[in-house]
Amino acid sequence: MSTEVEAFEHEDRWVLNLRGMSVATICIDFRLTLALDAGWEVVLEAPARLSAGSLHTSPGLPLTPESQDVAGALPLFGAKVLSAVAFKSGALRMVFDSGTHLTCSADTSFEAWQITGLRGWRFVSLPGGELAVWSPSATGENPQGQTPKP
């Protein structure tokens, strides 16, 4: 497995090539942090859902990082990422080899989640439903297509 991860932009989303990376650490404070074994980190600050199978048949288990109600995420320890998609609407969807799906929508008032990685990659779900992206090729501190928050 290579730690040289590229992200691929599409019209409505970014596909993150995190496939095969395992959840090496789970940290809980006012956030839920999934540290992947290749130096990438997924941080959830807004409510999220864990489900198996189609979201239409199973609404899933709620995760609420702010109140540390995230015990349902503990089985993700050691799970491998099959896919990770950051939607330009600010939503996140990850699928793991255990069959578990993690989804987090954008928040109207706060940054719902962020993913940081090697070489300067960073994806942030901005308040109101936008996605900010910093890439290794971006110069300065301005993410692609977004204005950084003070």
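Two strands are taken to pair if DSSP finds at least two bridges between them. Strands are DSSP runs of E with at least two residues, and helices are runs of H or I with at least four residues, numbered from the N terminus. In strand 13, Arg122 has Trp134 as its bridge partner. The model is predicted, so local features need pLDDT of at least 70 and side-chain atom pairs count only at pLDDT 80 or more, while totals for chains, interfaces and linings use all residues. Residues are numbered from 1 along each chain as its sequence is written, and side-chain values use heavy atoms, with hydrogens and water left out.

The protein has 13 strands and zero helices. Along the sequence, the pattern reads β-β-β-β-β-β-β-β-β-β-β-β-β. Of the 150 residues, 40% are buried. Here buried means under 20% relative accessible area, exposed means over 50%, and partly exposed lies in between (1.4 Å probe, protein chains only).

Strands of a sheet pair through backbone hydrogen bonds, either parallel or antiparallel.

Strand 8 (residues 81-87) is joined to strand 9 (residues 92-96) by five bridges, and the two run antiparallel. Val85 has Arg93 of strand 9 as its bridge partner. Strand 9 is joined in turn to strand 10 by four bridges, again antiparallel. Met94 stands opposite Leu102 in strand 10. The hairpin of strand 9 and strand 10 has three residues between the strands. In this hairpin, Gly99 takes a positive phi near 90 degrees. Strand 10 (residues 100-104) is mostly covered, with four of its five residues buried. Strand 10 also pairs with strand 6 (residues 48-52), in the antiparallel sense and over four bridges. There, Ala52 stands opposite Thr100.

A second open sheet has six strands in the order 3-4-5-11-12-13, with antiparallel pairing. Its edge strands are strand 3 (23-28) and strand 13 (130-134), each of which pairs on one side only. The twist averages 15 degrees from one strand to the next. Strand 3 is joined to strand 4 (residues 32-36) by five bridges, and they run antiparallel. Ile26 has Leu34 of strand 4 as its bridge partner. A hairpin of three residues joins strand 3 to strand 4. Strand 12 (residues 122-126) and strand 13 also pair in the antiparallel sense, over five bridges.

Gln114 lies in strand 11 (residues 113-116). Gln114 counts as buried because its relative accessibility is 12%. Its side chain makes a polar contact of 2.8 Å with the side chain of Arg122. A polar contact is a pair of N or O atoms within 3.5 Å; within protein, one must be able to donate a hydrogen and the other to accept it, and residues adjacent in sequence count only if both atoms are side-chain atoms. Ser125 lies in strand 12. Ser125 is buried, with a relative accessible area of 0%. A polar atom of the Ser125 side chain lies 2.7 Å from the backbone oxygen of Gly90.

Two loop residues have a positive phi without being glycine. Gln68 takes a phi of about 60 degrees in the loop between strand 7 and strand 8. Gln68 is partly exposed, at 45% relative accessibility. Arg119 likewise has a positive phi of about 60 degrees, in the loop between strand 11 and strand 12. Arg119 is partly exposed, with a relative accessible area of 41%.

How values were computed. Axes are lines fitted to C-alpha atoms, for helices over the stretch in contact, and angles run from 0 to 180 degrees between N-to-C directions.
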